[in-house]
Amino acid sequence: MSLTTDELPRLASPSSIAELSELMARAHAENRTVAVFGGGTAFDDHPPASTPGLLIDLTSIAEAAAPRGGTIRAGAGTRISALNRFAAQSGQEILADLPLDRVEAGATLGGMIATAATGSRCLRRPRLAETVQSVTTVAADGTIVRTAHGLHPDLDGRDLRSLVTGSWGTRAIIAEAEIRLTPRPATQRFIWIPGDEAAADLLVARRVPDAVNIERPPGSPAATVVLIEGDTDEVEAEVGHLVDWVPGATPCGEPEWWGSRARLAATIGVSVAPSFIPTLIDAVDRLETTIGYPLQLRGSATGAFELGVGAPGSEPGVATRVVLEHLRSFGLHFIAARLIHAPAPVWDEVDAWGPQPGRQGLVELKSLVDPRGFLAPGRGIAGV
């Protein structure tokens, strides 16, 4: 890409951090809003944004260094699938678990960090944010930044990694990161268990499984699927123990839906305490009967769920509003619910975010690092 032209383009694809810095400096000087993208796998997971003055494709910043010391460093545009293939050459894989459907669709390292993506195996694996060793970013004015102090002097002492993880590109642009790897497990085995009653006990089992996921398909009862991974002998012994210990437990193959997000016409992110999961499932059963729309609940026994609403291609606005209002009627102490995926008109028909107790702090942080509001306006959590 050449930056020698007098006019800044509307779409740019820098091939280095230096070029990205120059683009941002010029956009800042011309008062242009900026949005970035990698694999585009989370574009629909936020309210529709207005067309930016400059759209930056980061997939050309994709150089990766050879794994060293249990970590790998790569450009933000590097595809996660490519990183895992690279790491596999030395018998390793990315330590954090990530949503498989996004990985298969071409999600990039920067996009996964910016959206704080997490997958199914969150019980024994850390979240991606906890595995980021270092990060290089480009600020709204084009400055290349490697510490939070570089974004603003008042942030001295803050961790740059935590500031940009889950920020959806609203505080700085992630340009490069170093993340931790782990040895690839020798064996993975799955166990199917009817209902959700066993899920809470499995969280405190003698050997906590690598994943305890609950799937409640539209119009069907919930079931629990457990993943055990590790050394072959250890895995086989634990599978035998669970089959003997848990009523109805049966070894099974990897479910077709494993590692994928719940995506119907609209999707609501739901967080509950593990003890409240049976109440949530009961509420979903009653809501599906009441509104006549298919509902699909999928998530971890830790309490992080996605609730799909409506058949694909349907107009789920009214149903989504009813579901959100009902879930929020339990109170924020029991259930937190926000819209995370929907057709564009639905975002205007519902209260997408719900109660936002920490919003003022997000506003203040945004005003420090991007006072003119150039970076990904409206894309952050709670619309900040």
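Modeller: A residue is called buried under 20% relative accessible area, exposed over 50% and partly exposed in between, with a 1.4 Å probe and protein chains only. This is a predicted model, in which local features need pLDDT of at least 70, side-chain atom pairs count only at pLDDT 80 or more, and totals for chains, interfaces and linings use all residues. Residues are numbered from 1 along each chain as its sequence is written, and side-chain values use heavy atoms, with hydrogens and water left out.

Colleague: Is Pro9 buried, exposed or partly exposed?

Modeller: Pro9 is partly exposed, at a relative accessible area of 30%.

Colleague: What is Pro9 in contact with, leaving aside its neighbours within four places in sequence?

Modeller: Pro9 then has contacts (heavy atoms within 4.5 Å) with Arg32, Gly53 and Leu54.

Colleague: A new topic: how many aromatic pairs does the structure hold?

Modeller: There are five aromatic pairs. Rings of Phe, Tyr and Trp (its six-membered ring) pair if their centres lie within 6.5 Å; planes under 30 degrees apart are stacked, over 60 edge-to-face and the rest tilted. One of the pairs joins Phe190 and Trp258 edge-to-face, with 5.0 Å centre to centre and 80° between the planes.

Colleague: Are Phe190 and Trp258 buried or exposed?

Modeller: Phe190 is buried, at 5% relative accessible area, and Trp258 is buried at 6%.

Colleague: Which residue does Trp257 pair with?

Modeller: Trp257 forms a tilted pair with Trp258, 5.7 Å centre to centre and with 45° between the planes. Trp257 is also buried, with a relative accessible area of 17%. Ring pairs link Phe190, Trp257 and Trp258 into a cluster.
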